[in-house]
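Please keep the model open while reading.

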Amino acid sequence: MPSLSSSPAWQALVAHRDALAGRRIGELWEDDPARGDSFTFHCAGIAADFSKQRATPETLGLLVALARDRGLPEAIERLFTGERVNLTENRPALHTALRGDEHASVDGQDVLPEVQRNRERMRVVSQAVREGLWKGHTGARIRSVLTLGIGGSSLGPRLALEALRGDADGPEVRFVANVDGAEFDDAIAGLDPASTLVVVASKTFTTQETMANAMAARRWLEASLGAEALPKHVIAATANLAAAGQWGIPECNVFPFADWVGGRFSVWSSVGLPVAIGIGMHRFEQMLAGAHAADLAFRSDPLERNVPALAALVGVWNRNLLGAGTLAVLPYASRLESLPAYLQQLEMESNGKRVDAEGNPLEAASCPVVWGGVGTPGQHAFHQWLHQGTDPVACDFIVAARSPSAAREHHEVLLAHAFAQSEALMEGLATPQTHKACPGDRPSTTYVLPALDAVHLGALLALYEHKVFAQGVIWGIDSFDQWGVELGKTIAGRILPAMRGGEVALHPATHHLLGVTRKLAR
Ligand code: F6P
């Protein structure tokens, strides 16, 4: 992989950064009061306003040149055409094929028929559950869905169902992600096994947390309905059909997806089945359509106005040239409360890497810490740090132009606060009273959705997916593997037998903690 930091495109950006030093975002606005228009671009109906970034048109031009230099246009084609862009796992990352009706091939084989077949099965089963045609073992209608899954097998469906809560007209959907019995107990509280459908969502069908929860669900169902009830009460969304079969889930209850769908990109696959049950397949398909529109834009818009690419480049600018080590995700919509957690997995699991795709140490810092929380409650908590903390930070604001609620006054207040926050971060406050002064010049992007509906939620998530991919290309990262999560799993696999009395050699630090815990548990 050619060197990033010694490339002329990078050097030009460094020189430009230095030339721009001391120029505040507010001054850029004074120079060009129309920069709102020239820094706002559209993607699948979403407006992306980059005008509060510490960037000039020249900055964007140099960033686009960097993207070309790093081969972004070619990489986008490799992504969409099913090349094995996940190098360490030797797989394509073809989640885009799940959202349209276009032919795409893996190893010369068209994947569209399989995609359509799986989508059709999702339609049939989600309708059957919603219309009461899928009966439980006792003949009872399904009124609740208990979704067991973690990471990408949980965050996406949970976010979608929360975001589109206003459309929830099917059975109630609950989630258990953690291997914490208390979370499981809370989730089943008040549920009747006779009218509950359990969805085990796991790409690998080996994830310990999910498998433990699946066993707990099996015990819960069997205790009141008997073992013979399981086929009416347990279904799986997985890429490991054999493991689901061995677990005891009949083939007709297994909703597959291909191994070229990464876990954190799997909400578009059968992992989205709880969404289709909760709000209807037609709305799930609206999400797919919104995501597909963002795919088309990412693939065809010139880089100069390609929103996911520009979002990636602005992120690189903030992270690598301006030194912002964190990205705060600030949705001004309560129903997007889970968005920061969703994007945290998407960004940090994808680009939280220290070597490039060939194993060489990265020359530049990679993914910032992604965190955040919903506005306005965050304003009364961590925004103090955003305004007066010592660390450089970049922010993403997400707002919807129209409210899902009839309470118009609320929405005006909500938007006023969102816009006030980005203005305050940019302008700051100069005053001799140092405790009141805010340095300002803290960059942000504002994404404006016409409304928080299925189409634009799909578009927003796909926009971020492509942003993450484009950043990986700039940094030279394989964004589709996640080997860093394996070490802890392996160590836990040694500790557990020791906790259960086995003769296992443990690290003294772990042995010590086990002793402390045992004493306190008495
Ligand atoms: O541990 C990380 C991870 O592999 C994620 O990438 C994935 O979303 C999650 O675990 C769950 O994995 P699975 O769907 O195989 O249970």
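Helices and strands here are DSSP runs, numbered from the N terminus; a helix is H or I with at least four residues, a strand E with at least two. By that naming, α6 provides the largest share of the lining of the second largest cavity, five residues. The model is predicted. The ligand takes up the space of the largest pocket, and a search of the whole structure also finds two cavities of 30 Å³ or more.

**Ligand site**

- The ligand has 15 residues around it, and Ser153, Ser202, Thr204, Thr207 and Glu349 come nearest.
- By class, this shell holds two nonpolar, nine polar and four charged residues.
- In the side chain of Thr207, an N or O atom is 2.5 Å from an oxygen atom of the ligand.
- Thr204 has a polar side-chain atom 2.6 Å from an oxygen atom of the ligand.
- For Gln345, the distance from a side-chain N or O atom to an oxygen atom of the ligand is 3.3 Å.
- On its own the ligand has 390 Å² of accessible area, and the protein covers 88% of that.

**Largest pocket**

- The largest pocket holds about 920 Å³ of space.
- Its lining has 37 residues, with Thr204, Thr207, Gln482, Glu486 and Lys489 nearest the centre.
- Thr204 and Thr207 are also among the residues that come nearest to the ligand.
- At least two lining residues come from each of α9 (208-225), α15 (339-351) and α19 (486-499).
- The lining of the largest pocket divides into 13 nonpolar, 15 polar and nine charged residues.

**Largest cavity**

- The largest cavity has about 150 Å³ of space.
- Its lining comprises 18 residues, and Gly315, Asn318, Leu327, Ala394 and Lys467 are the closest to its centre.
- Two or more lining residues come from each of these elements: α14 (307-321), β10 (326-331), β12 (393-402), β13 (444-451) and α18 (454-475).
- Of these, α14 gives the most, with five residues.

**Second largest cavity**

- The second largest cavity has about 120 Å³ of space.
- It is lined by 15 residues, and those closest to its centre are Leu98, Val115, Asn118, Ser269 and Ser270.
- By class, the lining of the second largest cavity has 10 nonpolar, three polar and two charged residues.

**Backbone features**

- Most residues other than glycine have a negative phi, and most peptide bonds are trans.
- The peptide bond from Gly375 to Thr376 is cis, with omega near 5°.
- Thr376 sits in the loop between β11 (369-372) and α16 (383-388).
- Asn90 is not a glycine, yet its phi is positive, about 50°.
- Asn90 belongs to the loop between α5 (72-80) and β3 (105-106).
- Asp107, also not a glycine, has a positive phi near 50°.
- The loop that holds Asp107 lies between β3 and β4 (109-110).

How values were computed: Residues are numbered from 1 along each chain as its sequence is written. This is a predicted model: local features need pLDDT of at least 70, side-chain atom pairs count only at pLDDT 80 or more; totals for chains, interfaces and linings use all residues. Side-chain values use heavy atoms; hydrogens and water are left out. A residue is near a molecule or strand if one of its heavy atoms lies within 4 Å of it. A polar contact is a pair of N or O atoms within 3.5 Å; within protein, one must be able to donate a hydrogen and the other to accept it, and residues adjacent in sequence count only if both atoms are side-chain atoms. Accessible areas come from the Shrake-Rupley method with a 1.4 Å probe; for residues, only the protein chains shown count as cover. On a 1 Å grid over the protein atoms alone, a cavity is a set of points where a 1.4 Å probe fits but cannot get out, and a pocket is an open set with protein on both sides within 12 Å along at least five of seven lines; lining residues have an atom within 4 Å of a point. A molecule sits in a cavity or pocket if more than half of its atoms lie within 2 Å of its grid points. Ala, Val, Leu, Ile, Met, Phe, Trp, Tyr, Cys and Pro count as nonpolar, Asp, Glu, Lys and Arg as charged, and the others, Gly among them, as polar. Grid points are joined across faces, edges and corners, and a volume is the space filled by probe spheres set on the points.
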